[in-house]
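User: Hi! I'm new to this one and would like a friendly walk through it. Can we put it up on screen?

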Amino acid sequence: MLRRTGLIRTLIVLLALLFWTPVSAAAADTAAPAPRTAADTCGALAPGASAAAERAIAAACAEVAAGTWYTWGGGHGARPGPTYGQVDPTDPDSAHDPERLGFDCSGLVRHAYAEAAGSDILDGIASQQYYTHRAAARFTAAQGLSPLLPGDLLAWGTPQDLHHIAIYLGAGKMVEAKESGTRLMVSDVRLSGYFGAVRVNTGQVTGHIHQTWGTGVWTKAEPSLAAARVYAFPYSTTVRVHCQKHAEWVTSEGYTNDVWSYLPDYKAWVTNIYIKGPAWLDGVPDCRTTTPPTP
């Protein structure tokens with residue numbers, strides 16, 4: 001009887017071992033997957049993006065996958081691409097940025113769209129990229145995220161100080177170079193301080209394209225020195241001019257002129273003194289014969 005009992009127990013153990021292994025394998029197959037990293041989730045997360053926008057996203061996401069650092073001033077070398085950064089005197093976390101090869105927010109955008117377009121089309125800081133003459137469409141914060149497509153550029157700040165820019169991925173996500181001490185990342189879109197978005201035209205630019213000169217040149221809400229300031233060009237900038245008209249006389253830099261140009265990308269005016277060319281720009285229509293676009 002004892003032998004039979006022992007034999008039965010042995011059979012039970014063998015049967016348990018036989019069925020235990022497949023059950024464990026099945027459980028492993030259905031276990032929850034490991035959490036996805038930022039590199040895994042980086043990509044166009046909604047339909048509708050242009051081929052160029054998808055290329056820009058792919059270029060930015062490749063830097064996320066590589067673990068590239070945020071570094072203050074990074075990405076603003078002679079050509080697009082990662083560079084060593086600088087110390088930001090207002091941010092103690094930037095102390096190691098000169099040792100880190102990477103991008104700041106606008107450096108990443110510049111690199112991504114240079115890869116997408118095959119040329120350096122978005123050189124400059126965040127505000128210059130938002131106010132680019134290559135805008136295919138613009139969106140206000142009041143419109144929310146619903147009209148946006150992957151590849152659109154999101155900006156934060158005020159008209160006079162746009163201090164951050166990122167690339168929209170769709171589904172409320174963005175890829176960004178956020179701040180010193182972090183690597184490039186995928187983040188939820190932050191609505192606090194969100195200013196608006198711009199869709200980039202990587203193809204042929206239409207309109208009357210001109211170049212400004214000087215530093216710290218303010219655009220104005222109206223063609224008058226007393227009008228509200230909108231944005232200051234930090235240095236020579238490519239602009240699209242919609243029309244020009246005679247308005248308030250201005251004397252500056254040894255020149256006197258009463259002609260002002262309307263810049264649709266800025267929804268603002270600038271004295272023609274700071275636009276390269278004659279006092280009255282060749283080929284640009286008089287604002288009396290063409291209506292400036294409304295905001």
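Predicted model: local features only at pLDDT ≥ 70, side-chain atom pairs only at ≥ 80, totals over all residues.

User: How many bridges join strand 5 to strand 9, and which way do the two run?
Analyst: Strand 5 and strand 9 are joined by four bridges, and they run antiparallel.

User: Is strand 9 mostly covered or mostly open?
Analyst: Mostly covered: of the seven residues in strand 9, five are buried.

User: What sheet do these strands form, and in which order?
Analyst: An open sheet of six strands, with the order 4-9-5-6-7-8 and antiparallel pairing. Strand 4 (135-140) and strand 8 (185-188) are the edges; each has a single partner strand, so one side of each has no neighbour in the sheet. On average, neighbouring strands here are turned by 35° against each other, ignoring direction.

User: What holds strands together in a sheet, in general?
Analyst: Backbone hydrogen bonds: strands pair through them, either parallel or antiparallel.

User: How many bridges are there between strand 7 and strand 8?
Analyst: Four, with strand 7 (residues 173-176) and strand 8 paired in the antiparallel sense. Val175 is a handy landmark, as it stands opposite Val186 in strand 8.

User: Which strands does helix 3 lie across?
Analyst: Helix 3 (residues 51-65) lies across strand 6 (161-170), strand 7 and strand 8, and it runs at about 100° to strand 6.

User: And helix 4, which strands does that one lie across?
Analyst: Helix 4 (residues 105-117) lies across strand 5 (153-158), strand 6, strand 7 and strand 9 (194-200). Its angle to strand 6 is about 45°.

User: What does Ile57 touch?
Analyst: Leaving out residues up to four places away in sequence, Ile57 touches Gly43, Ala44, Pro150, Gly151, Ile167, Tyr168 and Leu169. As for Cys42, it is 15 residues from Ile57 in sequence, and their C-alpha atoms are 8.1 Å apart.

User: New topic: how much space lies in the largest pocket?
Analyst: About 300 Å³. It is lined by 17 residues, and the closest to its centre are Tyr70, Cys105, Ala126, His163 and His164.

User: Which elements give two or more residues to that lining?
Analyst: Helix 4, helix 5 (126-130) and strand 6. Strand 6 supplies the largest share, with three residues.

User: What does the lining look like by class?
Analyst: Seven of the lining residues are nonpolar, six are polar and four are charged.

User: Now some loops. What is the phi of Ala171?
Analyst: Near 55°, which is a positive value in a residue other than glycine. Ala171 sits in the loop between strand 6 and strand 7, and at 58% relative accessibility it counts as exposed.

User: Where does Lys267 lie?
Analyst: In the loop between strand 15 (255-263) and strand 16 (268-271). Lys267 has a positive phi too, about 50°, although it is not a glycine. With 37% relative accessibility, Lys267 counts as partly exposed.

User: Last one: how many helices and strands does the chain have?
Analyst: Five helices and 16 strands. The chain has 295 residues, and buried ones make up 43% of them. Among contacts with a separation of 6 or more, 60% are between residues 24 or more positions apart.

Notes:
Residues numbered from 1 in each chain as written. Heavy atoms only, no water. Pairing = 2+ DSSP bridges. Axes fitted to C-alpha atoms, helices over the stretch in contact; angles between N-to-C directions. Contact = heavy atoms within 4.5 Å. 1 Å grid on protein atoms, 1.4 Å probe; cavity = no way out; pocket = protein on both sides within 12 Å on 5 of 7 lines; lining within 4 Å. Points joined across faces, edges and corners; volume = space filled by probe spheres on them. Nonpolar A, V, L, I, M, F, W, Y, C, P; charged D, E, K, R; others polar. Buried < 20%, exposed > 50% of the residue type's maximum accessible area, 1.4 Å probe, protein only.
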